[in-house]
Amino acid sequence: MDAVWAIASKDMRLLLRDRMGFFFAFFFPLIVAVFFGVIFSGGGGRTARIDVVVADLDGTDDSRALVQQLADDPQLAVEVVADREPAVARVRAGKSTAVIVIPEGFGGKQSGLFFSMGAEVELGVDPARFAERGMLEGLLIKHGFMRMQQSFRRPALAREELKLSRDRLQRTEGIGPVQRLALNRLFDDIEAFLAVLPEQVELDPPDDGPEGPQAASEDRGHADLQSGIAAWQPMRIRSIDATQRQSADGQYGPRPPSSFAITFPQGIIWGVMGCALGFSIAMVGERTHGTLLRLRVAPITPWQILAGKSLACFLTTLAVAVFLIAIGAAVFDVRPTSWPILAVAVVCTGLCFVGIMMLLAVLSPSERSGNGLGWGVLLMLSMIGGGMLPLFFMPGWMRTLSVISPIRWSILAIEGGLWRNSNWGELVLPCAILLAIGAAGLLAGAHLLRRQESA
Amino acid sequence: MLRIRNIHKSYGRVKAVDGVSLHVENGEVLGLLGPNGAGKSTTISIAVGLILPDSGEVVVGGVGSPSEPAVRAMMGLAPQAVALYDDLTAAENLDCFGRLYGLDRSARRSAAASALERVGLSDRARDRVKAYSGGMKRRLNLATVLLHNPRLVLLDEPTAGVDPQSRSAIIEMVRSLRDEGRAVVYTTHYMEEAQRVCDRIEIVDHGRVIASGSPDELIGLHGGASVITIQTADSESRFETDDPVSELTLRLRDPGVMGVRIDRPDLESVFLRLTGRSLRD
């Protein structure tokens, strides 16, 4: 055992003497974690908003009302321009995520609520931001429904809309007599409904109270119910916290994750990759510079040599993880939901990358090729495993492919202890996969090394 | 101390070692002399258990094969390439290697101090190896062999690329190892070194031992006659003779002798006569 520890302590001492290697193992991952944590937090604790440029070509009360609604939306950062072309040009140049054009005639099409194609807006989204397209379409539909809601809160307005709808129905050709009759009956029923609403019960939407928009929305719905009008909307959305498991006493776990809780696991992975790469190149260096020969001539077994090398890599990955977790907890308030779960996740990650380190070392004939091969393999695994881009940004086939990447399972396991509040059952699969990859790498590497040396 | 019997080793169609047998006893320096690619290093690698021979036997200390870790504890190898950790100090290198041989802390310290003093590097113990000159690295390379007090020492080209001063120091150290009763195997392609330091020499070429014996025996058997060159004003004459002194005395009676040179046979001429090639080819 002393021989194993002698080799391990020698390797760790050499890492400490290698300033560049030490930097990439310990400090580069911290920089990555903090940098992306700041970016994803919106640079100040606020959620990042979507940059939208709005061109109001209509200039009516209705269009201006829509512009105001969009500007008031906390998910949007709105800039208003007068013309279409400059707005589109901003998106084309990458200065804004999307353009919304309110065309001329928008206000007119708002009328005839109950019988019209509805008002139309133009939406253009930067092709690189396809995720935001869905969000923006949803937001615009939401604003459309909000305008419908307002109609019902103001019976006088709704009656005007109804009158315009009747007129439009009258003028429209091509509607069959049965359908026309049904629509007129519908309008009669709505008119009768609106007739019983007292005019003085004008329910202005209350401001969001101190308990926030969720509670204000609930208050509004309750008031609408009491007045006889349901808060008319096709669907209500109540937010739940999908990141926290409710504990047995009905209370949720620790505070919700910050962006740093998401980026620090990725930082740990970068540190672990740095360790694996550094030690694999060092092992290649031992072979090319002849010091491995000394180890082999010493009265120790090949397995003791491999154990010493593996122990050095493993202990250093643990040190990197502990360092980042400590910084995360002390400075960025990243508190693990379960220390035992996190510890097991980190250990399994370390063992996995020890195996990867061994395999990379054996496959590399020189330090230079080891550097290239190592970075190529690890960056590829990181790309498909969610180490660079979150998995939800990827297309379906790539998310499927990510199952072969140990990065994916490492991040999942570490997040399980850091903020997902995973239980032991949920940790079994990622840890089993990590240990299997590590064992396979170690055995394959050892086998190839013995073949090379006996050749 | 070391007995190698009829070992063979091939790499594909190339026979690196072809039926080599040798032995070395305590208090003796055995030289393996031959050109580059003769099979010297492969023989050494087999002797220390780094390579398994295709056939043949290696026995160390009358105990067993060098493939067993316990047997390797009796041996020390200074490889041809300087195998040291450049970013560690000399003391740290020796401490690391000492631990591999099972020495405890106090034993390592005293052994390291003794080894460094022996190779003349005591005052550079705390310097990192990358700051050493080539000669100093060679000496430290040698020091690592002595840490665990091995009975059998194998030195593979220990003076390659070394300045003359360091070379002399290394040769002196090898002699002292022999005088301490250790068995030493010394490989080199430098004929002069082999003549200076080795008690017996195995001349190796193309994986085979083509001649063996003490330097004087080899020269006497295979070196041929001495050559006397007589230079006169208008000519130069060469005469082979087994008695150069008598021949020279005779030739000096001739008038007009302006210069003489005596070329005695050496291991270079032995190798040339045995193989038709120079050692330096």
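**A walk through two chains**

Tutor: Happy to! Let's start with one pair: B:Val29 stands opposite B:Val184, which belongs to strand 7 of chain B. Keep in mind throughout that this is a predicted model.

Student: Which strand of chain B is joined to strand 7 by six bridges?

Tutor: That is strand 3 of chain B, residues 28-33, and the two run parallel.

Student: What else stands opposite B:Val184 in strand 7 of chain B?

Tutor: B:Val153 does. Strand 6 of chain B, residues 152-156, pairs with strand 7 of chain B in the parallel sense, over five bridges.

Student: How many residues of strand 7 of chain B are buried?

Tutor: Six of the six, so strand 7 of chain B, residues 183-188, is largely enclosed by the rest of the structure.

Student: And which way do those residues point from strand 7 of chain B?

Tutor: B:Ala183, B:Val185 and B:Thr187 point one way, while B:Val184, B:Tyr186 and B:Thr188 point the other way. Residues on both sides are buried.

Student: New topic. What is the order of the open sheet of three strands in chain B?

Tutor: The order is 2-1-4, and the pairing is antiparallel. Strand 2 (14-24) and strand 4 (55-60) of chain B stand at the edges with a single partner strand each, so one side of each has no neighbour in the sheet. On average, neighbouring strands of this sheet are turned by 20° against each other, direction ignored.

Student: How many bridges join strand 1 of chain B to strand 4 of chain B?

Tutor: Five, with strand 1 covering residues 2-11 and the two strands running antiparallel. To find one of the pairs on screen, look for B:Arg5, whose bridge partner in strand 4 of chain B is B:Glu57.

Student: Let's zoom out. How many helices and strands are there in chain B?

Tutor: Chain B has 10 helices and 12 strands. Its C-alpha trace spans about 75 × 45 × 35 Å along its principal axes. Of the 281 residues in chain B, 45% are buried.

Student: What domains does the assignment of chain B give?

Tutor: It gives domain 1 (2-74 + 150-219), domain 2 (88-142) and domain 3 (226-264). The C-alpha centres of domain 1 and domain 3 of chain B lie 39 Å apart.

Student: Can we look at one residue? Is B:Gly259 buried or exposed?

Tutor: B:Gly259 has 9 other C-beta atoms within 10 Å, and a residue with 12 or fewer counts as exposed, so B:Gly259 is exposed. You will find B:Gly259 in strand 12 of chain B, residues 257-263.

Student: Now the place where the chains meet. How many residues does the contact take from chain A and from chain B?

Tutor: The contact takes 21 residues from chain A and 20 residues from chain B. On the side of chain A that touches chain B, the elements giving two or more residues are helix 1 (2-17) and helix 11 (291-297) of chain A. Helix 1 of chain A gives the most, with seven residues. By class, this side of chain A has nine nonpolar, five polar and seven charged residues.

Student: Last one: where in chain B is confidence lowest, and where is it highest?

Tutor: The lowest is in helix 9 of chain B (residues 244-251), at a mean of 82, and the highest is in helix 3 of chain B (residues 90-100), at 94. For chain B the mean pLDDT is 89, and 99% of its residues reach 70 or more. The model scores ipTM 0.83 and pTM 0.72.

How values were computed
Residues are numbered from 1 along each chain as its sequence is written. Chains are lettered from A and ligands numbered from 1 in the order in which they are written. This is a predicted model: local features need pLDDT of at least 70, side-chain atom pairs count only at pLDDT 80 or more; totals for chains, interfaces and linings use all residues. Two residues are in contact if their C-beta atoms, placed from the backbone, lie within 7 Å. Helices (H or I, at least four residues) and strands (E, at least two) are DSSP runs, numbered from the N terminus. Ala, Val, Leu, Ile, Met, Phe, Trp, Tyr, Cys and Pro count as nonpolar, Asp, Glu, Lys and Arg as charged, and the others, Gly among them, as polar. Domain bounds come from an automatic or database domain assignment. pLDDT is the predictor's confidence in each residue, from 0 to 100. Two strands pair if DSSP finds at least two bridges between them. Axes are lines fitted to C-alpha atoms, for helices over the stretch in contact, and angles run from 0 to 180 degrees between N-to-C directions. A residue is buried if 20 or more other C-beta atoms lie within 10 Å of its own, exposed if 12 or fewer, and partly exposed in between; C-beta atoms are placed from the backbone.
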